[in-house]
Amino acid sequence: MTIATELADRICGLTFEDLPDEAVHWARIGILDTVGVTLAGAPEPCAMLARRVASPASGHALLFGTAERTAPAEAAWVNGTASHALDFDDCSNTLGGHPSAPVLPALFALADGSNLTGRDFITAYIAGFETETRIARAVNFYHYEKGWHPTATLGVFGAASACSALLRLPPEKTATALAIAASFSSGLKANFGTMTKPLHVGQSSRNGLTAALLAREGFTASHDAFEHGQGFFRVFNGDGHFDADAVLRDWAEPLDIVTPGIAIKSYPCCGSTHPAIDAMLWLVEHHDLPPDRIERIVSRTHQRRLRHTNRPNVRSALDAKFSVQYCLARALIDRRVVLSQFEGDAHDDPDVRALMGRIEAVPQPERIPDDGEHFGADVEVFTKDGGHFSHSVPRPLGRTSANPLPAPQLEAKFLDCAQRSVTRTGAEQALDLLRRFDAAPRAAALTDILSAAAMKM
């Protein structure tokens, strides 16, 4: 037996009846949040450009934010890009990235035009989520720190396994889909802050779907593609930098979607900036801190998070999403962090630029031993009149299932995001269906609602 075949047995053996209530609950939340941010991202330039480049094809799969239908692979590519366009989609501590965005666009593309139920959809989604996060346990965080973008390099396995489950492929073909996905895996962190980062997600979604479709048709691949001497683990991580046994160890005990769970974002920017934003918003709520009173600000985050967020001179709206200096300046000046601050030339606001020059981003002192908690932040504010204020946030609100985003806040986020592409009535109808998605007789009922409610783009 190989890792791919062992994984395939577990993926194919998962049924809705096996799922604990908590897993179904968190699956509904992950689907709700991802649909919202995908609709919000659909009008973004990167998604619009992907639509323009996508191969013209007839099909039943909806391009989110429109009434247009196309072939499933093209829809997965465009919608996957849209889902990550705003960097507002959910995260996973285990994955070191965004677990739902590579998986759900592929599943919606497959479900469209079919009679697959909400239960079928949720079971496949959880199978994909568990697969990508289990592989992540084998390679992270060396994989992440080396420069791979795990959302894409590992998300492709989530998409492939989820699509295999939805297609009800047998174990042999599911293992083949995973092996094909190993050759499709790609994504470099060097492209963070550009349109190519969300493109990674669209590519992994399309590639995972394609891998499953190829396997269904009888395509072949090496089932030892993970552990082979020139396979995924050794090529991507190298000898001594992975734990292959971690993939299957304690499979689904508990399911990763339950513990540590999905991290739902409160702000439309890189999750690594969120604890510092939470700390700054707490400080401005509890102290008198107008911008002209600030002497300097020191932000301390884990070195793993600081490496891609220490950006004192942002070059674009996308780049601003990864700048802890920009996000903190906005939090202090505007008392909130919202979508409009990452649009157009908002990043060139002179008041924000001036404050950014007084914000220093440094690493937190290293924990010995490293306890695995790397999403905290400490923020200190020094004022011109000698004041000194500080606040620490061990993990941002919504970061794990143990610290969830309150339901009213989650649903308000969904409605705000969805209405960038669909009518208010359509957004409310979609929300109502998504609250009870496991009871939906047809998963495609959601895209029927979105298609009818789409505003012209």
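What follows is a short exchange about a predicted model of one protein chain.

Modeller: Residues are numbered from 1 along each chain as its sequence is written. The model is predicted, so local features need pLDDT of at least 70, side-chain atom pairs count only at pLDDT 80 or more, totals for chains, interfaces and linings use all residues, and side-chain values use heavy atoms, with hydrogens and water left out.

Colleague: How many helices and strands does the protein chain have?

Modeller: Helices (H or I, at least four residues) and strands (E, at least two) are DSSP runs, numbered from the N terminus. On that basis the protein chain has 21 helices and 6 strands.

Colleague: Why does the protein chain count as compact as a globular protein of its length?

Modeller: The radius of gyration is taken over C-alpha atoms, and the globule rule is 2.2 Å times the number of residues to the power 0.38. For 457 residues that rule gives 23 Å. The chain is close to that value, so it is as compact as a globular protein of that length: its radius of gyration is 21 Å.

Colleague: What percentage of the residues in the protein chain is buried?

Modeller: Buried means under 20% relative accessible area, exposed over 50%, and partly exposed in between (1.4 Å probe, protein chains only). Of the 457 residues, the buried share is 61%.

Colleague: Where is proline 254, and is proline 254 buried or partly exposed?

Modeller: Proline 254 sits in the loop between helix H12 (232-236) and helix H13 (257-261). Its relative accessibility is 40%, so proline 254 is partly exposed.

Colleague: Which residues does proline 254 touch, not counting residues up to four places away in sequence?

Modeller: Contact means heavy atoms within 4.5 Å. Sequence neighbours up to four places away are not counted. The residues that proline 254 touches are then Glu130, Arg134 and Thr259.

Colleague: How many disulfides are in the whole structure?

Modeller: A disulfide is a covalent bond between the sulfur atoms of two cysteines. Here the test is a pair of cysteine sulfur atoms within 2.5 Å. A search of the whole structure gives a count of 0.

Colleague: Which cysteine sulfur is nearest to that of cysteine 91?

Modeller: Cysteine 91 is in no disulfide. It is buried, with a relative accessible area of 5%. At 7.6 Å, the nearest cysteine sulfur is that of cysteine 270.

Colleague: And which cysteine sulfur is nearest to that of cysteine 270?

Modeller: Cysteine 270 is also buried, at 6% relative accessibility. It is in no disulfide. The nearest cysteine sulfur is 7.4 Å away and belongs to cysteine 269.
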